[in-house]
Amino acid sequence: MSVKLLKSNEIGLTDKVQIEEAGLRTIKKSGNYEWWYFDSKYSDGSSLVIIFYTKPVTSFKSKFEPFVSLNYINPNGKEIRVEVKSKDYYFSKERCDIKIGDCYVKGDLNKYEVYFKNEEVECKIYLNASVPAWRPDSGHICFDEKDYFCWLPSVPEGIVEGKLQLKDEVINLLGTGYHDHNWGNKLMILLMNDWYWGRAKINDYVVVSSYIYAKKKDKYKPIPIFMLAKNGEILTKDAAKYLTYEEKDHERDSYTKRFVAKTLVYDYDDGNIHYRITYKKGDENIERQVMRDIVGMPLACMFYILGFRGSYHRMGGKVILEKIENDIIVERLESKAMWEQMCFKPDRIKAK
């Protein structure tokens with residue numbers, strides 16, 4: 001089997017996301033990993049990311065090593081990064097119902113309650129979906145015969161409210177958020193070369209976009225993922241069939257030493273609707289990491305010897321939406337946006 005995104009009916013799923021898909025999908029086995037990711041942006045300019053993991057994504061161990069991470073960036077750009085590890089945990093298979101130490105998340109694809117607590121930070125947020133749960137086909141990307149990576153945007157976009165307590169300071173939170181659920185049976189570093197991923201809210205529109213490249217052995221085969229919604233209604237269908245994609249204006253980043261595209265273009269045209277989404281990078285580098293930052297120096301050295309060159313880059317800029325009819329732009333909107341580049345191997349663009 002070549003690298004491919006499986007159709008829902010190929011693995012017994014319906015087109016509509018079911019609540020059990022939000023629950024635990026993996027077992028305790030070497031190579032398996034799973035996480036539940038929540039990010040949100042607030043009216044004061046701050047942002048928050050909370051992620052629940054069954055174990056570190058670089059772990060080769062079969063047992064669960066659960067932890068929760070929280071990353072808060074205040075309106076002035078100051079970052080707080082903390083985590084909780086615990087042997088006291090619970091993962092439901094029936095729905096999203098997770099507990100790791102005092103931290104928990106529970107939800108039903110429409111409403112979620114997320115709670116984090118350690119010695120420094122206490123936070124509770126509520127996420128209410130304004131775009132229904134969605135996945136690209138089945139959400140299962142297969143590599144070779146048995147290896148896979150799965151992606152489920154349980155809440156492509158929603159309203160978030162809550163409170164964050166930092167020592168004696170209480171911060172009220174109100175903004176928009178996103179939640180996805182990911183799992184697989186083989187480390188991503190062994191399956192993929194790199195990806196770009198982003199999401200944005202542009203007036204009444206919401207876009208979720210990604211372009212994943214398989215490893216060099218698989219000829220960097222791309223897996224396009226694209227969803228566009230307006231006023232809560234999903235407009236797009238089959239990205240693999242109707243989407244064209246382009247990366248432009250590459251520059252080498254001073255910290256990661258990676259080539260980063262300053263412009264990404266997703267052009268969707270299915271004959272009925274035609275939209276073009278363009279991400280344009282500004283000067284803002286929200287987060288940059290290399291392998292030693294992510295896994296520590298000893299493991300980074302081992303990965304380097306094996307040929308891996310891991311890096312992560314979250315960047316800011318603007319996203320432009322253009323609606324096109326008869327080759328004429330009839331609507332043009334733009335908004336601030338954040339997106340990311342994740343790389344595992346040497347730069348792909350050198351192989352072009």
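The model is predicted, so local features need pLDDT of at least 70 and side-chain atom pairs count only at pLDDT 80 or more, while totals for chains, interfaces and linings use all residues. Residues are numbered from 1 along each chain as its sequence is written, and side-chain values use heavy atoms, with hydrogens and water left out. Helices (H or I, at least four residues) and strands (E, at least two) are DSSP runs, numbered from the N terminus.

**Pockets and cavities**

- Rolling a probe the size of a water molecule over the atoms shows where empty space is left.
- Both kinds of space are found on a 1 Å grid over the protein atoms alone: a cavity is a set of points where a 1.4 Å probe fits but cannot get out, and a pocket is an open set with protein on both sides within 12 Å along at least five of seven lines. Lining residues have an atom within 4 Å of a point.
- Grid points are joined across faces, edges and corners, and a volume is the space filled by probe spheres set on the points.
- The second largest pocket has a volume of about 630 Å³.
- Its lining is made of 26 residues, and Lys41, Gly45, Ser46, Lys336 and Met338 lie nearest the centre of this pocket.
- Two or more lining residues of the second largest pocket come from each of strand 2 (33-42), strand 13 (169-184), strand 14 (192-202), strand 20 (274-290), strand 21 (311-325) and strand 22 (328-343).
- Strand 22 gives the largest share of that lining, four residues.
- There are four cavities of 30 Å³ or more in the structure.
- The volume of the largest cavity is about 80 Å³.
- The largest cavity is lined by 13 residues, of which Asp39, Lys41, Trp197, Arg314 and Met338 are the closest to its centre.
- At least two residues of this cavity's lining come from each of strand 2, strand 3, strand 14 and strand 22, and strand 2 gives the most, with four.

**Salt bridges**

- Side chains of opposite charge can pair when their charged atoms come close.
- A salt bridge is a side-chain nitrogen of Lys or Arg within 4 Å of a carboxyl oxygen of Asp or Glu. By this rule the structure has 23 salt bridges.
- One of them joins Lys7 and Asp238, with the closest N and O atoms 3.4 Å apart.
- Lys7 lies in the loop between strand 1 (4-5) and strand 2, and Asp238 in the loop between strand 17 (233-234) and helix 1 (239-242), so this pair ties together parts that are 231 residues apart in sequence.
- For exposure, buried means under 20% relative accessible area, exposed over 50%, and partly exposed in between (1.4 Å probe, protein chains only).
- Lys7 is partly exposed at 35%, whereas Asp238 is buried at 19%.
- Another salt bridge joins Glu79 and Arg81 (2.8 Å, N to O). Glu79 is partly exposed at 37%, and Arg81 is partly exposed at 47%.
- Lys281 forms a salt bridge with Glu251, the closest N and O atoms being 3.8 Å apart.
- Lys281 is in strand 20 and Glu251 in strand 18, so the pair links distant parts of the chain, 30 residues apart.
- Lys281 is buried at 13% relative accessibility, while Glu251 is partly exposed at 32%.

- Lys and Arg count as positive and Asp and Glu as negative; His and the chain ends are not counted.
- Lys55 is found in the loop between strand 3 (47-53) and strand 4 (67-73).
- Lys55 is buried yet has no salt bridge, and the nearest side chain of opposite charge, Glu65, is 6.0 Å away.
- The side chain of Lys55 reaches the backbone oxygen of Asn32 at 2.9 Å, and a polar atom of that side chain lies 3.3 Å from the backbone oxygen of Lys29.
- Arg199 is in strand 14 and is buried, at 4% relative accessibility.
- The side chains of Arg199 and Asp39 make a polar contact at 2.5 Å. A polar contact is a pair of N or O atoms within 3.5 Å; within protein, one must be able to donate a hydrogen and the other to accept it, and residues adjacent in sequence count only if both atoms are side-chain atoms.
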